[in-house]
Structure formats: C-alpha cells, structure tokens
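Open the model in a viewer and keep the sequence panel beside it. The stops below say what to select and what is found there.

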Amino acid sequence: MPPDFRLITARLVIRSSTPADCADLVALEADPEVMRFLNGGRPVPLEGYTDGDFLTPRGTEPEVLVAHERETGEFVGWFALFGDGLAGGCKTAELGYRLRRDAWGKGYGAEGARALVAEALGNLGFDRVRAQTMTVNHGSRRVMEKAGFRYVETVFPSFLEPLAGGEQGEVIYEVWRDKV
C-alpha cells in the first residue's frame, strides 16, 4: 500500500499506519480475547514477533492500515492487504484484520473489509482476495461472509503451539472481481 493510503467509509477512516500508531497496536494485542484465536490469548512482547505465525504490527508495515471512527477519531483496529502474487494465473491478495473488543458486533469489520475488497479488486487490480481464520472463530467468519467472501475449503496446517479448536482446522474464504 502507498504510505499515504486513505479510505473513508460511512463510519471509518482507514489509513496507512505510522510509528505513531504503535501504542494503539500494542494495546490491541494486550487484550486476551482479541488474541484468543491467534495465540490462545497470551501476552505479546512489546517488540512483537518477527517470526510468528501471525502479524504483530508496530506501525512500520506498509500493508497495515489503521482504522478510526470517523465521528470520534477513536482507534477501532487494523486491516491489512497483502499481495500474494499469482496463484493459478490470478493476481491474489490476502485480507487480515484485528479489531478492539469494544468494536466487535458493530459492523466495523465487515464495513472495513468490504471497502478494502472493493479497492483491491478495483484500483489495485487484484483478481481475487482471500482471508483465513480458525474454523471455530465464528465472529471472524461472519465478518468475511458479511463482506461478500464465500467459503472455499478447510485446511489443517501444523503449528508449533496448537490452540484449542485448532483440530477443526482453518477455513479459507475468497471473493473474486467478477463476482462482486
């Protein structure tokens, strides 16, 4: 994403992250419920993980976009859009997101995801956007479905430190440009 990326939705301002966002990003990871399906809710070190199974942004990652409420300016969480290159001849991106617990259930996840999918499949020229979560993470699955993603398959990756529910695998969802 360009360093000055900015997207405005009905209720959110989504923009490129900066090092000034570090405190909000770290605070998000301090909530065990936010991290439950990523690391079992364990504390994340201040410096984050450089070799972890999941992203721990600190405001220097070009693909990470912070989201704030338009009305209040309150930090809501982050979204990320990663280019995955060509897969089966299709230019593919992966969507990620993490929201503060007090933002759950308000539609912010789906609103931000829909806006980023539209941008990815439009101005950014991707053919497909994929997203993945644990099968048991029903909240995240609902966000994907509300954002227009469709279930594709369940996979069973191996992790060094399996989480409760991991035995049910991870689900992959996707949305295609010609199906939006």
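Start by selecting His68, which sits in strand β3. This is a predicted model. Is His68 buried or exposed? Its relative accessible area is 13%, under the 20% cut-off, so His68 counts as buried. Now show what surrounds the residue. Leaving out residues up to four places away in sequence, His68 touches Arg11, Leu12, Val13 and Arg15, along with Asp21 and Asp24. Further along the chain, Gly73, Glu74, Phe75 and Val76 are also touched by His68.

Next, select Ser17, located in the loop between β2 and α1 (22–29). Ser17 has a relative accessible area of 11% and is buried. Beyond residues up to four places away in sequence, Ser17 touches Gly59, Thr60, Glu61, Val64, Leu65 and Val66.

Move on to Leu28 in helix α1. With a relative accessible area of 3%, Leu28 is buried. Which residues does Leu28 touch, not counting those up to four places away in sequence? They are Val34, Phe75, Gly77, Trp78, Arg98, Leu99 and Arg100. For a distance check, pick the C-alpha atoms of Leu28 and Pro3: the two residues are 25 apart in sequence and 22 Å apart in space.

Then select Ala103, in the loop between β5 and α3. Ala103 counts as buried, at 4% relative accessibility. Residues up to four places away in sequence aside, Ala103 touches Val76 and Tyr108.

Now turn to the nonpolar interior. In soluble globular proteins, nonpolar side chains tend to be buried together. The largest nonpolar core here has 31 residues. Two or more residues each come from strands β2 (12–16), β3 (64–69), β4 (75–87), β5 (90–99), β6 (128–134) and β8 (170–176), and from helices α3 (108–121) and α4 (138–146). Which element gives the most to this core? Helix α3 does, with 7 residues.

Center on Phe149. Apart from its neighbours within four places in sequence, Phe149 is in contact with Leu95, Val117, Val129, Arg130, Ala131 and Met144, and also with Tyr173, Glu174 and Val175. A second, separate core has 11 residues, among them Leu25, Leu28, Phe54 and Val66.

Finally, zoom out to the whole chain and color by secondary structure. There are 4 helices and 8 strands, running β-β-α-α-β-β-β-α-β-α-β-β from the N terminus. The radius of gyration is 16 Å, close to the 16 Å that the globule rule gives for 180 residues, so the chain is as compact as a globular protein of that length. Its C-alpha trace spans about 40 × 40 × 30 Å along the principal axes. Of the 180 residues, 48% count as buried. Among contacts with a separation of 6 or more, 61% join residues 24 or more positions apart.

Switch to a surface view to finish. The chain exposes about 9,400 Å², with carbon and sulfur atoms supplying 52% of that area. Color by charge: the mean positions of the 21 positive and 27 negative charges lie 6 Å apart.

Notes
Residues are numbered from 1 along each chain as its sequence is written. This is a predicted model: local features need pLDDT of at least 70, side-chain atom pairs count only at pLDDT 80 or more; totals for chains, interfaces and linings use all residues. Side-chain values use heavy atoms; hydrogens and water are left out. The radius of gyration is taken over C-alpha atoms; the globule rule is 2.2 Å times the number of residues to the power 0.38. Buried means under 20% relative accessible area, exposed over 50%, partly exposed in between (1.4 Å probe, protein chains only). Contact means heavy atoms within 4.5 Å. Accessible areas come from the Shrake-Rupley method with a 1.4 Å probe; for residues, only the protein chains shown count as cover. Lys and Arg count as positive and Asp and Glu as negative; His and the chain ends are not counted. The place of a charge is taken as NZ of Lys, CZ of Arg, CG of Asp or CD of Glu. A nonpolar core is a set of buried Ala, Val, Leu, Ile, Met, Phe, Trp, Tyr and Cys residues joined through side-chain atoms within 4.5 Å.
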